[in-house]
Amino acid sequence: MKDLQVFTTEHGVASLILKEIPYQETAYVILRDSLEPMALAEECADFCRACGGERIYATGSDALAEYPLHTAMWEMSCLRESIPDTDAALWPVQEKTLSRWQEIYNQKVRKVPNGAWMTHADAQNMLDTGDGYFIHRGSTLLGIGRAAADRIDWVASVIPGAGADVVKALAHAATEDRISLTVASANQKAVKLYESLGFLRTTEISKWYAIR
């Protein structure tokens, strides 16, 4: 299912993210321009529900605060040298291991607020960019992640308590002095993990509200 970058009604203009509906029955609405944001949000929600969306979240207007807050998206950052070291090692994703990485990712993403499903095309793109990793200690798989240059874009442990080592290992893939990442405020377990490693909240990127 394709996203609609421009969805126009008598109440204004929005973008509809519909690609998650087949995988997670979830749709996202970004209000772009409206004098009647609540009416626009409801109209967008009706359309998303007709497309199969069971959970619908919206952002883009302060008026949406009338709905329950789903999550805020925060950017956090820290100096790379301040992240403690680890003996865990990075194993770059290869063609023969790509499907396994994608399988683990899609198992974990269901529990992450605003997490995006990884399609085969997405997985191939990750392989091309070369920023996907398995994190091992010896022969034991600790988790998976994505990282490059100045960002860590995904962290998931497969062993309870291994999240810190996954982050520490991914920091070795970064090349800039400061590393940033994005996290949902509703994912308090992840927020506390990043704070324990020295990451500080720097920017609130957006707030998402549950409109259905």
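**Close-up views of a predicted model**

**View 1. Glu25 sits in a loop between helix 1 (21-24) and strand 3 (26-33).** Helices (H or I, at least four residues) and strands (E, at least two) are DSSP runs, numbered from the N terminus. This is a predicted model, in which local features need pLDDT of at least 70, side-chain atom pairs count only at pLDDT 80 or more, and totals for chains, interfaces and linings use all residues. Residues are numbered from 1 along each chain as its sequence is written, and side-chain values use heavy atoms, with hydrogens and water left out. Glu25 is not a glycine, yet its phi is positive, about 55°. Its relative accessible area is 41%, so Glu25 is partly exposed (buried means under 20% relative accessible area, exposed over 50%, partly exposed in between; 1.4 Å probe, protein chains only).

**View 2. Asn114 lies in the loop between helix 3 and helix 4.** Asn114 is also not a glycine and has a positive phi of about 65°. Its relative accessibility is 23%, so Asn114 counts as partly exposed.

**View 3. Helix 3 (residues 98-109) meets helix 4 (residues 120-129).** Their axes come within 10 Å and cross at roughly 120°. Helix 3 is therefore oblique to helix 4. Axes are lines fitted to C-alpha atoms, for helices over the stretch in contact, and angles run from 0 to 180 degrees between N-to-C directions. Angles under 35 degrees count as roughly parallel, over 145 as roughly antiparallel, 65 to 115 as roughly perpendicular and the rest as oblique. Helix 3 contributes Leu98, Trp101 and Gln102 to the contact. Helix 4 contributes His120, Ala123, Gln124, Met126 and Leu127. Contact means heavy atoms within 4.5 Å. By class, the contact of helix 3 with helix 4 has 5 nonpolar, 3 polar and no charged residues (Ala, Val, Leu, Ile, Met, Phe, Trp, Tyr, Cys and Pro count as nonpolar, Asp, Glu, Lys and Arg as charged, and the others, Gly among them, as polar).

**View 4. Gln124 belongs to helix 4.** Gln124 is partly exposed, with a relative accessible area of 23%. Neighbours within four places in sequence aside, Gln124 is in contact with Glu95 and Leu98. Gln124 and Arg212 are 33 Å apart in space, C-alpha to C-alpha, and 88 residues apart in sequence.

**View 5. Strand 5 (residues 69-79) and strand 10 run antiparallel.** They are joined by 7 bridges. Two strands pair if DSSP finds at least two bridges between them. Met73 has Ala184 of strand 10 as its bridge partner. Strand 10 (residues 178-184) is mostly covered, with 5 of its 7 residues buried.
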